[in-house]
Each structure stands twice: as structure tokens, then as C-alpha cells.
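Please look over the sequence and the model below before reading on. The briefing that follows is grouped by topic.

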Amino acid sequence: MKKLSACLAVAALALTSVVVSAMSASAASTTYYVSPTGDDAASGALSSTPFQHISRCTAVMIAGDTCVLLPGTYHETVSPTVSGTASAPITYRASSPGVAIIDGADPVGGWSPVSPADLVTLESSDAFLAGSGFAAAVDAGHVFKASANLDSIGASRQLFDNGTMIFDAQWPDPSALPSDRTYKSAGTGTTNTTVVATDLTQPNGYWNGANVHLSTWYLSQTGTVASSTTGQIGLTGLSDAGLCIGLKPVQTTFYLSGKLSELSAATEWYYDSLTQTVYYYPAGGSQPVAGQVSSRTRNLAFDFSSGGGVSYTNVSDLTIHGSTIQTGASSTGVVIDGVRASYVSHTNQIQTDSHYPAIGKCGATTAGATTSGLVINGSGNTVSNSEIAFSSGNGIALNGSNNTVTGNVIHDVDYLGSYATGVQIVGQHETVTHNTISRLGRSGINDLAAVAGTSMQGDLVSYNEISDFGRISTDTGAIYFCCKADLTGGSIDHNWVHGYHPPASVSPHVGPGIYLDNDTANGTVTNNVGWDLVQGAVMLNSVTGVSKGNKVYNNDGGVQIRGANDATGSVLQNNLGGASCVTTSIGGGCAGATIDHNLAGTVDPLYVDPSNSDYRLQYGSPARNAAVAIPGVTDGSADPTPSLGAYQYGGLQWVPGASLAILAPAPAASVTGTVSVQVDLFGLNIQAYNLRIDSAGLDYAWHPSSGPRSFSLDTSTLTPGRHILLATMVDASGHKSTVTQPIIVT
């Protein structure tokens with residue numbers, strides 16, 4: 001981690017008269033300090049009072065300068081107007097990793113119990129409150145109120161308790177994670193504007209004015225209840241309104257919110273905009289203490305869009321909460337590194353993306369596609385070694401070109417179930433590599449022609465691990481490219497894609513690992529491994545009978561072309577788990593395709609240890625000496641003829657995913673003797689953990705806990721050379737996530 005040089009001195013500064021002390025031998029480079037309190041008590045080594053607001057740094061910094069954030073929480077949006085240069089960037093960083101927080105939420109104070117008298121007043125204007133779960137919670141002394149104006153943030157209203165998002169009061173009651181929302185199923189009689197369900201036992205008129213969230217097999221939408229009777233609700237204002245898919249019995253699920261009477265369970269809240277009052281049922285039912293509860297006030301922590309785009313600016317080692325970062329259309333050279341960002345985007349409404357070229361239907365699928373998550377516009381920018389967690393939309397949106405996303409851990413995103421994703425690729429020549437992406441409302445990496453246009457050339461998606469996807473929207477892949485897209489010059493390679501986990505209330509639709517949908521052409525898909533999927537590791541799907549020019553080589557887990565009459569130039573070779581041409585109602589036959597040298601799914605390829613994600617081939621594997629040689633794809637085999645599948649026999653045991661979770665040793669570090677291995681779980685709900693080296697268990701494990709953990713590794717038993725540390729974590733649902741780190745034993 002970066003450390004402040006001991007030779008740096010602190011400058012005494014004012015906006016109108018700035019006196020600086022050189023922080024290094026170069027007079028052009030100055031380091032400024034900022035503290036939430038405006039004093040230097042946290043440092044002890046500083047001789048001058050720092051700024052109190054980051055914006056004060058912004059006002060005086062020029063190319064080459066650094067703003068160091070001392071420990072504490074900053075409630076502001078940083079909006080620079082001056083760029084650095086390629087050789088002298090402007091830098092914002094924490095004095096040490098993670099100690100400085102930029103928070104988009106402000107405290108909500110003045111909490112008092114909702115009294116019996118308050119309840120009587122509320123019941124006089126809402127007849128459904130009498131005898132409700134809310135009334136029972138009030139009687140038990142568990143509900144509290146505070147005055148707060150949350151109107152300015154609109155549909156992005158979000159409440160936190162000690163930094164963790166709490167849910168709007170909803171029916172049925174929510175679960176612990178946003179991506180685990182509980183739903184009810186629509187029944188027989190459901191139409192595009194009416195939901196019928198036997199669970200709707202509430203009296204006539206009860207749900208009038210409530211908010212509704214609906215999900216079908218590939219589309220989520222929101223609207224309002226216009227009328228309600230026992231057993232059904234009539235809807236208005238739907239974001240799709242039946243233009244695209246409509247609502248179907250059984251395959252439509254829904255939940256309802258926006259009714260005070262449903263505030264009946266711990267960690268739920270409700271906002272009354274007429275009286276600007278927040279009602280909250282805290283965990284344990286105790287009155288919130290000062291600073292415990294906060295509400296989202298600002299959507300941006302850093303706004304680099306001034307003047308079309310600030311460039312050559314670094315943001316590192318900061319924690320960002322309840323807000324995000326956006327760059328401008330002309331931004332270049334912006335580097336976001338070592339940042340931990342949580343609750344980056346939030347909305348409770350699904351609306352067509354503002355940059356979406358409307359085609360008259362299906363606009364709801366694009367909600368937040370270009371406007372949510374860390375929004376990276378411009379070119380030549382980088383997001384690296386960071387954690388992005390919890391977003392109703394994307395984790396990261398790549399809207400420009402030639403940007404890079406690498407080494408990040410992204411989880412719990414797209415909890416509204418739109419076509420938002422872990423990493424949304426909208427531009428060309430984008431690079432998305434070595435990321436670990438998990439717990440996804442839909443997909444992990446998405447490239448959608450509806451917002452990107454059909455030319456998606458030169459995008460590189462490599463060495464990512466994507467798992468636990470399709471949790472809300474079930475027609476998807478871990479990596480999803482659509483529609484009629486031209487992928488010339490790009491590559492999807494060396495990814496692990498696994499864990500298609502649709503909600504239990506919905507029948508699985510399709511869930512391949514890599515899904516080139518709707519006539520997507522000219523894709524190169526090589527050396528990927530997929531498991532725990534529906535429809536295999538790779539699926540090429542046609543809706544007009546064509547699937548042309550796609551090269552699918554050396555993948556594990558099964559590959560297929562579906563519904564293609566014309567598959568000219570498409571090649572399926574050297575794959576394990578079977579390769580097939582599937583006829584659908586659209587078409588079949590795959591005329592013009594080459595499908596050969598694939599090992600059937602009924603034949604055991606004899607992996608070394610697939611239960612621990614080791615897909616190398618054993619000595620006796622039938623996949624050895626069986627492949628067509630393809631330069632750049634089948635290189636590295638120890639045999640005269642290359643192997644089928646993603647791992648060449650005797651070749652490199654490549655591993656995908658971010659190394660961020662393994663904090664030490666550093667990637668490719670040279671180590672000897674006994675070394676400390678440090679792993680950080682990023683606060684995930686981990687139930688078990690195992691640390692391995694080259695797939696051999698080291699017998700290190702722990703059960704639920706949080707924070708970094710350190711273990712001693714004796715490298716004297718290892719042969720000199722390159723080895724792979726693998727940390728496998730299992731969450732409460734039994735889903736595995738593996739992160740990796742190469743080391744060099746000397």
C-alpha cells in the first residue's frame with residue numbers, strides 16, 4: 001500500500017492566499033491535507049491545520065498535487081475542474097487504506113417513539129392502520145419517528161442503519177440481502193394490467209396507491225396499484241405496460257411497498273412525504289442513538305464531468321458509501337484504485353435509461369444501463385483493485401472506449417433485476433479482466449446492443465470469475481452479449497462461469513455461462529470453464545435463424561448453437577461436455593457451421609479435482625492428444641497434439657478472478673521460508689473458508705466472522721517456482737467463490 005513519504009511537510013493554506021511548502025524536491029508537486037474536523041489531531045505529526053473540506057483541496061490543486069484525506073467521514077461531493085497531466089496526475093487518497101470515508105448519506109436525528117396518541121392520529125387518516133402489523137409494533141414500543149426531508153433525492157431515497165441499507169416496508173417482508181427479495185407468485189387470471197393471487201387476502205382498497213415491483217422470466221418492471229380488491233390488484237404506470245413481455249401467471253412474481261401498515265418487521269422503514277416524517281423499526285426495537293441512522297442525500301462522491309471531463313486524476317484507498325464516481329465524456333487517464341464502494345446506486349423505480357434509443361418497447365430492460373454504478377465515460381480510464389458492492393443497477397458502467405476494469409470484487413448488484421449488471425460494456429475496445437463478480441440479479445458482464453449499438457468490436461473479457469447469477473431475472477448468462485451484435489476483434493476467454501441460481505418461486509429459463517443472444521455474430525469464445533448451469537457453458541442463440549462467424553474453441557461444460565438455419569463461419573471445436581446444434585421453433589440445422597473434435601458430455605474427461613475447481617486433465621484423460629491445433633488457443637500442451645478443453649495437459653494452471661481478497665503476499669511476489677498470507681472477506685456473509693495452494697488444502701478454515709485473517713504458510717515444502725494460492729469462501733446459501741494469487745517460491 002502507498003505510504004506518505006516522511007519528507008513531506010504540511011502547507012498552511014487559505015483559498016485567497018495560498019502559501020505552500022514543497023513536499024518533495026520538485027516545487028511543482030504539493031501535498032495538502034484534509035480532515036473532517038479541520039484539525040490535525042488524528043495525525044499527530046502535522047504542524048499546520050489541514051483543510052476541513054475536500055473541496056478546499058480541489059480549489060487550489062494543480063497538476064502533480066496530492067490531497068491526503070485523514071481518518072474520518074466526509075459528507076460532500078468532490079467536483080474538480082482542473083486536470084492533471086499524464087506525467088503529473090492529481091491524486092486524492094486516504095492517509096492509509098480505508099480510514100477515510102466519503103459518504104453520500106447524512107445523519108437523521110431527533111428520533112422519538114411513535115406514541116399511542118400518534119397512532120390514533122395516523123389511524124384517523126388511514127383506516128387500514130387499525131389492527132395492522134404497524135399498530136402492533138407501535139403498541140410494543142418498537143417504532144420510532146424523525147422529521148426529515150427526503151424529497152430532493154426522489155426515487156433514490158435510501159436509509160442506512162450503521163451503514164447498512166434497510167428496506168422500505170414491503171409485503172412480503174424482505175430478507176437480509178437486496179438480491180434476496182421475497183416475492184409472491186401471480187396466479188391464474190393475471191393480465192398485463194392485473195395481478196391475481198390468492199395470497200392477496202387484504203380487504204378491498206387496501207393496496208390502492210402502493211408501489212409494485214414485478215419480475216418475469218427476463219424483464220422486471222415497476223408501477224402503482226390503481227385499484228385493489230381481495231385477491232387481485234389493478235396496475236398503472238408500468239415501465240413496460242405489456243409492450244414487451246407482459247405479465248404471465250406463475251412466471252410473474254411481485255412484491256408491494258409504500259404502505260405504512262406494512263411497517264411491521266425489524267429493519268423496515270417508511271417515509272411520509274406529506275409530513276416529511278420517517279418511521280423506522282430498528283433491529284431489537286430500541287430507539288436509534290445519535291449518528292446511527294442516515295439517509296442518502298447525494299448520489300456522487302466524485303464528479304469528474306466538469307467541462308466535459310476532468311482527466312489524469314487518481315482516486316485511491318478511499319471508502320465510498322451511499323454514492324458513486326462518474327467521469328466525463330472527455331475524461332482520460334482517471335485511475336480509481338483500491339477503493340471500497342458500497343451502495344453506489346439506488347432507485348426503487350425501473351425506468352428506461354436516458355441514453356437508450358427508444359424502439360417502442362422493452363425500454364424497461366435498459367434501466368440504469370449507462371447511469372448507475374461507477375459511471376466511466378471517456379477513454380483510457382481504469383478501475384482496479386477495488387470492491388464495488390450493493391447497487392440497484394450496475395457495479396460499473398463502461399460508456400466510453402479503451403477503458404480498463406481489472407482486479408475488482410463486485411457483488412450484490414442489479415437487485416432490481418433489470419439489464420444492469422456487474423460490469424456493463426457500452427463502448428468498444430473495453431478491457432474487463434481478472435474480476436470476481438457474484439450475487440447478481442441478472443448477469444455478471446453485459447454488452448447490450450440496445451444501448452451500445454450493434455458494433456461491439458474489440459472488447460476483451462478475460463480471466464473473470466462470475467458466479468451466483470440470475471437471482472431475479474432468469475433469461476440470462478453469467479456473460480451476456482446481445483442483440484445482433486458484431487463482436488469482431490474481441491475475445492471472451494479464460495473465464496470461470498458458474499452458479500445459475502434463479503429464485504425458487506420461478507422455473508429456470510435459460511442459464512448458460514456465456515450467452516451470445518439474438519443473432520450475435522463474430523464472437524471469439526475460448527478457454528472458458530462453466531459448471532452448475534442450465535444450457536451449458538456457451539450458448540449461441542438465434543431469433544431470426546442466423547448465427548454467423550462465432551468461434552467457440554476449447555471450452556469446458558458444453559456448447560451449443562440454437563435455432564440457426566444459417567451458421568456460416570461458426571466453428572465449435574475442441575470443447576468438453578458436448579457440442580450440439582439445437583433445433584427450435586425458429587429454425588435449426590446450423591448450415592455452414594463446423595462442429596467437430598468435441599468430447600461428448602457423457603464421457604468423463606478425468607479432471608484432477610473438479611470439486612475444488614481444478615479442471616486440469618489427469619494423465620489418462622481422453623481429452624489429451626485429441627484437439628485441432630489453433631494458434632493462441634491450444635498453446636502450451638506437453639503433448640505432441642494439443643488437448644481438448646480449457647487446460648492444456650502439462651500447461652499453465654491459469655486461474656481467473658480478482659486477487660484483491662488476498663492482501664498478502666503481493667501478486668507474483670517472491671517468497672521464501674514462512675510467510676504471512678492475509679485474506680480479507682469484505683464483510684460477506686461467509687460460513688466457511690479454505691485456503692489452498694495449487695489445489696492442495698492447507699487445513700485453514702474458519703466459520704462466521706469478519707475482517708482480515710492471517711495465516712502462516714511454510715513454503716519450504718514447495719518446489720521453487722510459480723504456485724497459486726486459492727482462497728475459497730462459502731456463503732450462507734452454500735455458494736462458493738474463489739479468489740487467487742500467484743506467488744514465486746525461491
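## Briefing on the predicted model

C483 lies in the loop between strand 39 (479–482) and strand 40 (491–493), where strands (E, at least two residues) and helices (H or I, at least four residues) are DSSP runs numbered from the N terminus. This is a predicted model, in which local features need pLDDT of at least 70 and side-chain atom pairs count only at pLDDT 80 or more, while totals for chains, interfaces and linings use all residues. Residues are numbered from 1 along each chain as its sequence is written, and side-chain values use heavy atoms, with hydrogens and water left out.

**Confidence**

- The chain has a mean pLDDT of 86, with 87% of its residues reaching 70 or more; pLDDT is the predictor's confidence in each residue, from 0 to 100.
- Over residues 1–27 the pLDDT stays under 50, and the model has 48 contacts beyond four places in sequence for this stretch, a contact being heavy atoms within 4.5 Å.
- Residues 41–47 also have pLDDT below 50, and this stretch has seven contacts in the model beyond near neighbours in sequence.
- Where pLDDT is low, the predicted coordinates should not be read in detail.

- L69, which lies in strand 2 (residues 66–69), counts as buried because its relative accessibility is 0%; buried means under 20% relative accessible area, exposed over 50%, and partly exposed in between (1.4 Å probe, protein chains only).
- Leaving aside neighbours within four places in sequence, L69 is in contact with V34, I54, Y74, R93, A94, S95, A100, I102 and L318.
- L69 and L318 are 249 residues apart along the chain, yet their C-alpha atoms are separated by 8.5 Å.

**Disulfides**

- The structure holds three disulfides, each defined as a pair of cysteine sulfur atoms within 2.5 Å.
- The disulfide between C57 and C67 has an S to S distance of 2.4 Å, and the torsion about its S-S bond is about 75 degrees, so this disulfide is right-handed.
- This pair links distant parts of the chain, with C57 in helix 1 (residues 54–60) and C67 in strand 2, 10 residues apart, and both C57 and C67 are buried.
- C482 and C483 form a disulfide with their sulfur atoms 1.6 Å apart, and a torsion of about 85 degrees about the S-S bond means that this disulfide is right-handed.
- C482 counts as buried at 1% relative accessibility, whereas C483 is partly exposed, with a relative accessible area of 23%.
- C581 is joined to C590 by a disulfide (S to S 2.1 Å), which is right-handed because the torsion about the S-S bond is about 100 degrees.
- In that pair, C581 counts as partly exposed at 31% relative accessibility, while C590 counts as buried at 5%.

**Backbone geometry**

- Most residues other than glycine have a negative phi, and most peptide bonds are trans.
- The peptide bond from C482 to C483 is cis, with omega near 5 degrees.
- W171 and P172 are likewise joined by a cis peptide bond, with omega about -5 degrees, and P172 lies in the loop between strand 11 (170–171) and strand 12 (184–185).
- V250, although not a glycine, has a positive phi of about 70 degrees, and is found in the loop between strand 16 (232–236) and strand 17 (253–257).
- N522, a residue other than glycine, has a positive phi near 65 degrees; N522 is found in the loop between strand 42 (514–516) and strand 43 (524–526), and counts as partly exposed at 31% relative accessibility.
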